[in-house]
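Morning, everyone. I want to talk about charged side chains today. Please have a look at the model first.

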Amino acid sequence: MLKFWRKGPVRQAPCAASYTFPTEFRPRIESFGGVHCAIDFDLANLSMVQVEGGYVAIDAGTYPATTRRVAAEFARLAGGPLQALVLTHCHADHVGGAAGYDPAGVPVWGHRKFVDDFADMQLLPNAFYARGARQSGSILPEELVLSNGIGPPLRTEQHSLPPVHVPTHWFDDTQELQIGGRTLILRWSPGETNDHLSVWLPEQRALFVGDNLYKAFPNLYTLRGMTPRPVRRWIETLDEMRRLQPRPELLILGHTAPVQGAETIHALLTDYRDAIAFVHDSVVRGINAGKSPHDLAREIRLPAHLSQHPFLREHYGTLSGSIRGIYTGYMGWFDGDASNADPPTDGELAGWLVEELGGRDELLARARRALELGQAHKALWLSRMLHADNPARRDGREAKAEALERLAARCDNPLVRNWQFSEAALLRGTAQLPAKPRLNGATIQHMPLDQLLRLLPSRLNPRSAAQVRMSLGFDLTDTGAQYTFLIRLGVGELAPGLLGPPDLTVRATETDLKRLFLAGDVPPTQREFWRHLEFVVPGQGLLTPVHRLRKLAQLGRLFLRP
């Protein structure tokens, strides 16, 4: 396993005597006739339905090695190999381990929105990886990371990213599958993601809900960041599940243990949708009353019968984060206060504060006094200003780290707790962010090429390309597909077809283009690179090879390093 922290003490205040979130996890497979659910092997559950000749897997976990272990047990229980794979949504903890099933030649089902949602996440790989490391606590010593709230701690275990298996079969609204004597009905069920689906087995009255319900308050907004979640549609999805006839008798969740009993399940679905609806409608009322997201986050509280519900404890999503997420989804970042229309940076605000207080020493003294009085939130804000005034100064880093550790030690939300401890460790220099696992040709071999090429504009270096007008063509010799990437004075555009002719055209098979040109598995210094890629420039003549090399060299300077 890669180690993502340097040796050194992790300073923290004494932890609370107990937490209400789960801290002990026991890998196991729970079986319900022909339905099986592997729990606590991974952050997410891996499930399967027995069919004649083998099994249908539902979701694939995070890492191929873990999935391979579960797949072997599934094959033993089912008496045969994988017949189909269903991916409930595009999140990494549900699709990252797909290679462990070895699904070559097996239909992989997903909703049509899967690729678009997955592509949105690929726009920000560095940001999501860095923020995800804080949220999961993967940069901290293992003994400090107790839980991810709805599953065991998530650790990063590989030097390169595993192959991404996207669906080979799609549907829009509802798709009935007949596989090995079983009926599986796939339904579009947007909620935690837009591409989310559920799986209904009418004969067994078993419903697989993915991440639209688990034993924790839902993550209506995630700290690691994401496009706004379709909260209203999430409520409608839960209502559709409540109205299924006959009523489900078995509920298989994407995280945490299954639920049994028709009446129990119906009551749970009702309470879960009511909690989401109450928060959503309360935010809407607050927006219409002219209130800010910060005011609403302090005011809105769930009704008592919901706040004490065991499936609505804030062990994953948080009420305040959900309120702010819904507000931003409707209204954007501006809260309506004119002073925030063009707000100062933290550095500017810190400079004013230091000046008004008569110097950094006074600001530091007030932060320390707040800590002594047990006012950790106040101490955090003051020390944040101290750090922003001069990030190089140790006093600001240490003061902010101590305030974060005080808050983390008594925090009952594992994700917030992990983030606070992680940021404190980064400030103290006792931890460092991991290098993002390397993307290679195997990682992207199953991803649609057009989705990969659509990432090129955001990878353009605006400074290097500021004075450049250039066109780069892609001519796929096996599929016949053609694209042109246009560079106009720092702006990139991907267009269908070969326009021009382009200043430089790359001819290759789709596999070689992904492996050699996009992923860079083989450098241009090796013969294999030139044997499988052909570079063409307009015109013919003695200087054509020189022009080709010049264009390639120029191209290499125009893109940001991954």
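I will go through some of the salt bridges, pair by pair.

This is a predicted model: local features need pLDDT of at least 70, side-chain atom pairs count only at pLDDT 80 or more, and totals for chains, interfaces and linings use all residues. Residues are numbered from 1 along each chain as its sequence is written, and side-chain values use heavy atoms, with hydrogens and water left out.

How many salt bridges does a search of the whole structure find? It finds 30. A salt bridge here is a side-chain nitrogen of Lys or Arg within 4 Å of a carboxyl oxygen of Asp or Glu.

Take Asp 239 and Arg 273. Their closest N and O atoms are 2.9 Å apart. Asp 239 sits in helix H5 (residues 231-242) and Arg 273 in helix H6 (residues 262-288), so this pair ties together parts 34 residues apart in sequence. Helices are DSSP runs of H or I, at least four residues, numbered from the N terminus. Both Asp 239 and Arg 273 are buried, meaning under 20% relative accessible area with a 1.4 Å probe, protein chains only; exposed is over 50%, and partly exposed is in between. Asp 239 and Arg 273 also belong to a salt-bridge network with Arg 242 and Asp 274.

Next, helix H11 (residues 360-372). Glu 362 and Arg 366 are 4 residues apart there, about one helical turn. Their salt bridge is 2.8 Å, N to O. Glu 362 is partly exposed at 29% relative accessibility. Arg 366 is partly exposed too, at 36%.

Last pair: Arg 488 and Glu 493, at 2.9 Å between the closest N and O atoms. Arg 488 is partly exposed at 37%, and Glu 493 is partly exposed at 32%.

Conventions:
Helices (H or I, at least four residues) and strands (E, at least two) are DSSP runs, numbered from the N terminus.
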